[in-house]
Amino acid sequence: MLEKLKTVVENALKESESASSVNELNDVKVKYLGKNGELTALLKGLKDVPPAEKPAFGKAVNEGRQQIEAKIGEKEDTLKRAEKMRKLIEEKIDVTEPSRKVKVGARHPLTIVKGMIMDIFVGLGFEIREGPEVETDYYNFQALNIPKDHPARDMQDTFYFSENLLLRTHTSPCQVHTMEVKKPPIRMICPGKVYRSDYDATHSPMFQQIEGLVVDKNITLCDLKGVFDEFAKAFFSPETKTRLRPSYFPFTEPSVEMDCTCSVCGGKGCRICKGTGWIEVLGAGIVNPKVLEMSGIDSETYSGIAFGMGVDRLAMIKFGIPDMRLLFENDLRFLAQFKD
Ligand code: DAH
C-alpha cells in the first residue's frame with residue numbers, strides 16, 4: 001500500500017510540474033485529488049489496511065495530499081504569472097502610433113449657397129429679415145394681391161392647416177411683414193423655408209427661397225436689372241450676362257423672369273440649360289401699387305422692386321447636382337464633396 005502511495009504521489013508531482021496551462025493543471029488536480037481521484041481512492045482503501053498500520057498509512061496519505069496540493073498551488077502561481085505576462089506583451093498599447101483622424105463635417109450645399117447669396121446682397125446694402133413659416137391666408141395670398149378664388153392660387157399647391165392657416169408657399173409674405181413695420185427706404189432680403197405639395201427630381205415639398213424687396217422713391221425696372229446683374233456676376237462669374245423676360249405675378253406689375261447665361265457652358269447650350277444657353281434664376285417685377293397700399297405705403301410717393309429665387313435650384317446649378325432629392329437624403333458620400 002505504501003509503495004503504491006509513493007508512486008501516486010510521485011506521478012502527481014511530476015504531472016503537476018509538466019502541466020503547461022491552468023486547465024491542464026486542473027485536470028491533474030481532479031485526476032489525483034478529485035472525488036474519484038487516485039489519492040482519494042487510496043484513502044478509501046484505508047479500511048482494508050490492518051489496524052496496526054492504519055495510523056501510519058493515514059498520516060502518509062495526508063502528507064502526500066499536502067505535498068501534491070502545495071505543488072499544484074505553486075505551479076498554479078507560476079502558470080498564472082506567465083499567462084499575465086503573455087497578455088501584457090500581447091495586448092501592449094503602442095503609444096507612439098499616430099492617433100485616429102478626427103472627422104470634420106462639411107457644411108450642407110444649401111447652407112453654403114444661402115451664405116453666398118446673403119453675402120452678395122449684404123454687400124449691396126440689403127438687410128436680412130425673417131418671417132414665419134406658418135402663415136395666414138392674408139399674408140401668403142391676399143396682401144400679395146391674390147384674393148380668394150384667384151386662379152394664381154392654383155400655381156402653388158398649398159398645405160392648409162385650416163381655411164385660414166397654412167404653410168407659406170413662398171417667402172413673399174415677408175415683403176408684407178416688412179412694409180407693415182418699416183418705412184421706406186427698404187432694402188431687404190428674406191431667406192427661408194417654403195412648402196408645396198410637390199415631389200419629383202426638381203421639386204421637393206420643402207425648399208428654400210430668398211425674397212428681395214426694395215422700396216424707395218424713383219425705384220424702376222433699371223434698378224432691378226442692375227441688382228440682378230451684380231448678383232449674377234458675383235454668384236456665377238464676372239462674364240455672366242443677364243436678360244429679362246415678361247412674366248406674370250399678381251404682386252408685381254410689370255412682372256419679369258430673369259435669366260442668366262448658363263454657368264456650365266457659358267451660353268453655348270448644354271444639358272444643364274437644356275441647349276438654350278440660358279438659365280432661369282428668379283421671378284421679379286415692380287411691386288404692384290395695390291400691394292404697397294395694402295401694407296400702408298403711399299404708392300404715389302414710393303415704388304418698389306421685388307424678386308424671389310429658389311436656393312435649392314441655384315445650388316443645383318452652381319454645383320451641377322442632377323436630382324434635388326440628393327439635397328435631402330443626407331448621404332454622407334454626397335455631402336462630403338462640399339467641404340470648403
Ligand atoms: N413668390 C414667387 C414664387 O414663389 C416668386 C417671386 C416672383 C417673388 C416675383 C417675387 C416676385 O418677389 O416679385 O413663385
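I took a polar contact to be a pair of N or O atoms within 3.5 Å. With that cut-off in hand, I looked up Glu211 in this predicted model: a polar atom of its side chain lies 2.6 Å from an oxygen atom of the ligand.

**Entry 1. The ligand**

I next listed the surroundings of the ligand. There are 15 residues around it, and those that come nearest are His170, Ser172, Arg196, Gln209 and Glu211. For Ser172, I noted a side-chain N or O atom 3.0 Å from a nitrogen atom of the ligand. Ala306 takes part through its backbone, where an N or O atom is 3.2 Å from an oxygen atom of the ligand. I then looked up the area: the ligand taken alone exposes 360 Å², of which the protein buries 91%.

**Entry 2. The sheet**

I traced an open sheet of seven strands with mixed pairing, in the order β1-β4-β5-β9-β8-β7-β6. Which strands stand at the edges? They are β1 (127–128) and β6 (242–249); each has a single partner strand, so one side of each lacks a neighbour in the sheet. As background, I recorded that strands of a sheet pair through backbone hydrogen bonds, either parallel or antiparallel.

**Entry 3. Strand β5 and its partners**

I examined strand β5 (residues 206–216) and found nine of its eleven residues buried. Strand β4 (residues 186–195) runs antiparallel to β5, and ten bridges join the two. Within this pair, I found Pro191 bridged to Ile210 in β5. Strand β9 is also antiparallel to β5, with eight bridges between them. Here Glu211 stands opposite Gly308 of β9. I noted again that Glu211 is one of the residues that come nearest to the ligand.

**Entry 4. Strands β8 and β9**

I followed β9 (residues 303–310) to β8 (residues 278–287); the two pair in the antiparallel sense over five bridges. Gly285 stands opposite Ala306 in β9, and Ala306 is the residue whose backbone atom I had placed 3.2 Å from a ligand oxygen.

**Entry 5. Thr261**

I located Thr261 in strand β7 (residues 252–261). Is Thr261 buried or exposed? Its relative accessible area is 12%, and I count it as buried because the cut-off is under 20%. Leaving aside residues up to four places away in sequence, I found that Thr261 touches Glu239, Thr240, Lys241, Gly267, Gly277 and Trp278.

**Entry 6. The domains**

Finally, I looked up the division of the chain: domain 1 covers 2–90 and domain 2 covers 109–338. Taken over C-alpha atoms, the centres of domain 1 and domain 2 are separated by 91 Å.

Methods: Residues are numbered from 1 along each chain as its sequence is written. This is a predicted model: local features need pLDDT of at least 70, side-chain atom pairs count only at pLDDT 80 or more; totals for chains, interfaces and linings use all residues. Side-chain values use heavy atoms; hydrogens and water are left out. Domain bounds come from an automatic or database domain assignment. Helices (H or I, at least four residues) and strands (E, at least two) are DSSP runs, numbered from the N terminus. Buried means under 20% relative accessible area, exposed over 50%, partly exposed in between (1.4 Å probe, protein chains only). Contact means heavy atoms within 4.5 Å. A residue is near a molecule or strand if one of its heavy atoms lies within 4 Å of it. A polar contact is a pair of N or O atoms within 3.5 Å; within protein, one must be able to donate a hydrogen and the other to accept it, and residues adjacent in sequence count only if both atoms are side-chain atoms. Accessible areas come from the Shrake-Rupley method with a 1.4 Å probe; for residues, only the protein chains shown count as cover. Two strands pair if DSSP finds at least two bridges between them.
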